[in-house]
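I opened the notebook to look up how this chain is built. I wanted the sheets, the domains and the surroundings of the ligand.

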Amino acid sequence: GRAIHLKSRPQGEPTAANFELVETTIPEPAEGQILVCNLFMSVDPYMRGRMNDVKSYVPPFQVGQPLDGGVVGQVVHSKALGFEEGDFVSGPGGWREYHVAPANQYMKVDPGVGSLSAYLGVLGMPGMTAYVGLLDLGKPQAGETVFVSGAAGAVGGLVGQIAKLKGCRVVGSAGSAEKVKHLREELGFDDAFNYKDGPVAQALERTCPEGIDVYFDNVGGEHLEASIGKMKNYGRIVLCGAISQYNATAPAPGPRNLMLAVARRLTLQGFIVSDERHQERRPDFLRDVGGWLREKKVKEVETVVEGLDKAPEAFIGLLRGHNTGKMVVKLASP
Ligand code: NDP
């Protein structure tokens, strides 16, 4: 098998030189473990944070060690009860072709609901992020205006689609004219704009003239400040991510208009989807989003890059907006 190691820690934007492709031996599972052949691996924005040597809610990656992340794979060899050769599973062990781990780190997945890679996207961690963040924190009501940034990405695309299903007026921002067209024509957004075309505040003036009830923030920075400026009284801001700042080498200034949170009685709430408190929602998430997928009320959108050697490129591309929907790397066929 092969694996991608972190060769050096990126300064600012990651480059190919920060990664190294390494030949490895395929490990044997011990009692209670399974050997998994990875079919699809995920690249996610949070991995950029783990490449820095700082304490956060997940420990940093180590230089000279394989990177890690979510995968969908197939069991090759099982020494664990309840798992058999050929089973499809999702779990850890990304950035390598094979992985051995205790079976309790894996979940069996049903290949009948969506595509296998959907378990890295709409039916996986980003999907759960959209579901919990929008419904439990944003609490959108029918008729309200929901604005989501990073709208053509994995999380943002589902946030917008769920908000539409809940009867909201939905506006999204993304980084190209093609993505804006995708939001309007494929995902059913009521309006959308390219944030690279001009100031976000002006675009919100045009697209949300009556104000915003729920802002789902994937981006931070200018988007956050401009949204605060357009929030209605008692509006909710869901702080999901701040990708405009992940490559920053010095802290960015905060929103200069935060005082408006007082005047407009806003709620700003951050969350981390893997927290214990959100896990009781997993069955609801799988039932609802799985159902919407089957009924074709929600679209599964992904950008697929082929081959482990292309994984660094996929990750670097993700931070540059090369993806529409979930960015995944295909490593093997079932
Ligand atoms: P996406 O699929 O949205 O991919 C990242 C996108 O970010 C790119 O496609 C790009 O799109 C956009 N982007 C990059 N740089 C900028 C910038 N400077 N300004 C605006 N947009 C930019 O990734 P995910 O859906 O996986 O993640 C979306 C957000 O959700 C991230 O902030 C992530 O950290 C966060 N997240 C948080 C979780 C939690 O538990 N709180 C869990 C999972 C994700 P474009 O072309 O539009 O610029």
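I began with an open sheet of six strands, which I read in the order β10-β9-β8-β11-β12-β13, with parallel pairing. Its edge strands are β10 (191-194) and β13 (267-270), each pairing on one side only. On average, neighbouring strands of this sheet are turned by 15° against each other, direction ignored.

I noted the basis of all this: it is a predicted model, where local features need pLDDT of at least 70, side-chain atom pairs count only at pLDDT 80 or more, and totals for chains, interfaces and linings use all residues. Residues are numbered from 1 along each chain as its sequence is written.

I also wrote down the terms. Helices (H or I, at least four residues) and strands (E, at least two) are DSSP runs, numbered from the N terminus. Two strands pair if DSSP finds at least two bridges between them. As background, strands of a sheet pair through backbone hydrogen bonds, either parallel or antiparallel.

Strand β8 (residues 145-148) and strand β11 (residues 212-217) pair in the parallel sense over three bridges. There I found V146 opposite V214 in β11.

Then I checked which helices lie across these strands. α2 lies across β11, β12 (231-239) and β13, and runs at about 145° to β12. Helix α4 (residues 177-185) lies across β9 (169-174) and β10, at about 170° to β10. For such angles, axes are lines fitted to C-alpha atoms, for helices over the stretch in contact, and angles run from 0 to 180 degrees between N-to-C directions. Contact means that the C-beta atoms of two residues, placed from the backbone, lie within 7 Å.

I turned to antiparallel pairing. Strand β4 (residues 71-78) pairs with strand β5 (residues 88-91) in the antiparallel sense over four bridges. What is the bridge partner of V72 in β5? I found S90. β5 also pairs with strand β7 (residues 107-108), antiparallel and over two bridges. In β7, M107 stands opposite S90.

For the domains, I read domain 1 (2-120 + 301-330) and domain 2 (125-270); such bounds come from an automatic or database domain assignment. Their C-alpha centres lie 29 Å apart. The contact takes 14 residues from domain 1 and 14 residues from domain 2. On the domain 1 side I listed three nonpolar, eight polar and three charged residues. Here Ala, Val, Leu, Ile, Met, Phe, Trp, Tyr, Cys and Pro count as nonpolar, Asp, Glu, Lys and Arg as charged, and the others, Gly among them, as polar.

Which residues come nearest? Of the 29 residues around the ligand, they are G153, A154, G175, G241 and G321. A residue is near a molecule if its C-beta atom, placed from the backbone, lies within 6 Å of it. The elements giving two or more residues to this shell are α2 (125-138), α3 (154-165) and α9 (311-320). α3 gives the most, with three residues. The shell divides into 16 nonpolar, eleven polar and two charged residues. It draws at least three residues from each of domain 1 and domain 2.
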